[in-house]
Amino acid sequence: MKLKRYLLGGLAVSILIIACKTKQKTQSTTTTTTTTTTTTVVVAPAQSLLDVASVKYPGILQADLDAGKKIFTVDCRKCHGMDPIKSLEEDKWISVIDVMAPKADLTADQKTKLLQYVLSQRKLDTGS
Ligand code: HEC
């Protein structure tokens, strides 16, 4: 019995894959859209404390008013309670603060901020 030997030669199959990649540069475009919204206020908004204060003290900052308010609500209440700001006339506040500022150990700058806050708040509260 002849044994046929099939010699299978090594079959080298070379598969050459050429991947041809075409790189396309994608340009990303950023589009900025600016939307302008116009709001129509039907009801007149209440004037803010800063609005009122700015009439008498041009250039005053919200931070000045906040500082004045803090002095009024913290330092000035160390010894006693306080009637509403609008219950005293402007002149009365000026003279009272002259007397009370040293009692509260206020610096000249703190006294100024307190006065600006109190007089502006009074104006806002009384509307005059
Ligand atoms: C060390 C305590 C003390 C501090 C701090 C103090 N007060 Fe007074 N305050 C008094 C005393 C005492 C009186 C009442 C006697 C008087 O009028 O001097 C008074 C009275 C007042 C009155 C009534 C005045 C009147 O004539 O009706 C007002 C308003 C007032 N203080 C505001 C302030 C303000 C604003 C501050 C902050 C700057 C302040 N007080 C801080 C002790 C103090």
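I take helices (H or I, at least four residues) and strands (E, at least two) as DSSP runs, numbered from the N terminus.

I am working with a predicted model, where local features need pLDDT of at least 70, side-chain atom pairs count only at pLDDT 80 or more, and totals for chains, interfaces and linings use all residues. I number residues from 1 along each chain as its sequence is written.

**Overall.** I looked up the secondary structure of the chain and found four helices and zero strands. From the N terminus on, I read the order as α-α-α-α. I then looked up burial, calling a residue buried if 20 or more other C-beta atoms lie within 10 Å of its own, exposed if 12 or fewer, and partly exposed in between, with C-beta atoms placed from the backbone. By that rule, 12% of the 128 residues of the chain count as buried. For contacts I required C-beta atoms, placed from the backbone, within 7 Å. Among contacts between residues at least 6 apart in sequence, I found that 76% join residues at least 24 apart.

**Core.** A nonpolar core is a set of buried Ala, Val, Leu, Ile, Met, Phe, Trp, Tyr and Cys residues joined through C-beta atoms within 7 Å. I found that the largest one has eleven residues, among them Leu49, Phe72, Cys76 and Tyr117. The elements giving two or more residues to this core are α1 (49-56), α2 and α4 (108-126). I noted that α4 gives the most, with five residues.

**Helix α4.** I checked the length of α4: its 19 residues reach 27 Å from first C-alpha to last, close to the 27 Å expected at 1.5 Å a residue. The expected span is 1.5 Å times one less than the number of residues. I listed the buried residues of α4, including Lys113, Leu114 and Gln121. The buried residues of α4 pack against α1, α2 and α3. After α4 I came to Gly127, whose phi is positive, near 75°.

**Helix α3.** I asked how far the 14 residues of α3 (residues 90-103) should span. At 1.5 Å a residue the answer is 20 Å, and the end C-alpha atoms are 20 Å apart, which agrees. I also found a kink of about 30° in α3, centred on Ile97; the bend at a residue is the angle between axes fitted to the seven residues ending there and the seven starting there. α3 is hardly covered, as I count one buried residue among its 14 residues.

**Either side of α3.** I placed Glu89 in the loop between α2 (62-73) and α3. Glu89 counts as exposed because it has 11 C-beta neighbours inside 10 Å. Its C-alpha atom is 9.3 Å from that of Leu119, 30 residues apart along the chain. I placed Asp105 in the loop between α3 and α4, where its phi is near 55°, a positive value in a residue other than glycine. Most residues other than glycine have a negative phi. Asp105 is exposed, with 9 other C-beta atoms within 10 Å.

**Ligand.** I call a residue near a molecule or strand if its C-beta atom, placed from the backbone, lies within 6 Å of it. Of the 13 residues around the ligand, I found that Cys76, Cys79, Met100, Lys103 and Ala104 come nearest. The largest share of this shell, five residues, comes from α3. Not counting residues up to four places away in sequence, Cys76 touches Ile71, Met82, Met100 and Ala104.

How values were computed. Two residues are in contact if their C-beta atoms, placed from the backbone, lie within 7 Å.
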